[in-house]
Amino acid sequence: MALRICETDREKALKMFRELFMSRTAQATIWNNGGRIVRDLGEEAIPIGSLFGLEDTDIISCYFRGDAANLRIRGAYSPEDIMAGWFYRKGISNPITYGYPNSWTDVEHGVIGTTSSLIGADAVICAGAALAQKMQKTGRVVLFLAGDGATSKGDFYETMNLAKLKKLPLIILIRNNNYAMSTTMDRNIAIDSFADLPKTFNIPVKVIDGNDMLEVAQAVSEAAEYARSGNGPAAIVAKTFRMGPHTIDDEDEYRKDVDRSYWIKHDPVLIMENHLKDRWNVSSEEILKIKEECEKEAQAAYEWAAGRPPIGIEEVIREQQKAVDMMWREEK
């Protein structure tokens, strides 16, 4: 089966770990310096592992939670520009009308940003992108990343129905951290398992450990092969846990300590470290060196961003008005 990482893929495994830890330390740097990032602490293995399960030309949605790792890894924007975005500072190439870096869309690099503030609304955008790939016969697949809260939205069901009817090359990946913000799964959806949702539309689904980046990459690779072969959509439910507050304003008092204790020991960074040591004989010193390099890079990016001029609201309004004027001209 495609991707299966073997003992000879040491450099690839090290790269995966570097990207994973870079996401962790970049988010910590933003959070600790007052940036209003919506972190995916403990869930980073899902978006990053997914990228390693796709071809470089495939299309991936940029989940609203996280540090825009998709854009960074795909080479769409530099860590400095992304960092500037989180602090509402002007970068070199980052637009000033985005809201959050995760909302950036970069067609050239195959990244669909968070296009709506409504949870789950990106489902239909990804379905449209998948339909375009099928009509144009590009051979690409589209990965739609969604939280479990998004599964309660009508957009989600419409997308699954359309994808199955039209046999779209779409992968639906549900991050199951068991909380739609502060609402537990049993109060959010009337089923026993999120895997039951795709099955309703006869979409094959696989349940995986979302904190094991190798398992995520393998599952996405297999789903991509299935969808790319003209079979239609495939789904993945990745079990995980958000190890921090929903946002900086979240008191985070609604989750059980027993859950926290289990998932802290099941941290995706620790899991990948163990893979490196057990399968590729990577030393603790090598791992520490990668961590230190990531921390220095994140801190340097923050210091650069902190020295950039702030984005003024008047500038944002002007740029938005330009976009509106251009759309009206095209309509006429």
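Two residues are in contact here when heavy atoms of theirs lie within 4.5 Å. With that in hand, welcome to a predicted model of a protein with 13 helices and eight strands. The radius of gyration is 20 Å, close to the 20 Å that the globule rule gives for 332 residues, so the protein is as compact as a globular protein of that length.

**Overall build**
- Along the principal axes, the C-alpha atoms fill a box of roughly 55 × 50 × 40 Å.
- Of the contacts between residues at least 6 apart in sequence, 72% join residues at least 24 apart.

- Buried residues account for 51% of the 332 residues.
- The protein has an accessible surface of about 15,700 Å², and carbon and sulfur atoms hold 51% of that surface.

**A look at Asn211**
- You will find Asn211 in the loop between β7 (205-209) and α9 (213-231).
- Asn211 has 1% relative accessibility and therefore counts as buried, since the cut-off for buried is under 20%.
- The side chain of Asn211 makes a polar contact, at 2.7 Å, with the side chain of Thr240.
- Beyond its neighbours within four places in sequence, Asn211 is in contact with Gly42 and Ala45, with Lys239, Thr240 and Phe241, and with Trp263, His266, Pro268 and Ile271.

Technical notes: Residues are numbered from 1 along each chain as its sequence is written. This is a predicted model: local features need pLDDT of at least 70, side-chain atom pairs count only at pLDDT 80 or more; totals for chains, interfaces and linings use all residues. Side-chain values use heavy atoms; hydrogens and water are left out. Helices (H or I, at least four residues) and strands (E, at least two) are DSSP runs, numbered from the N terminus. The radius of gyration is taken over C-alpha atoms; the globule rule is 2.2 Å times the number of residues to the power 0.38. Buried means under 20% relative accessible area, exposed over 50%, partly exposed in between (1.4 Å probe, protein chains only). Accessible areas come from the Shrake-Rupley method with a 1.4 Å probe; for residues, only the protein chains shown count as cover. A polar contact is a pair of N or O atoms within 3.5 Å; within protein, one must be able to donate a hydrogen and the other to accept it, and residues adjacent in sequence count only if both atoms are side-chain atoms.
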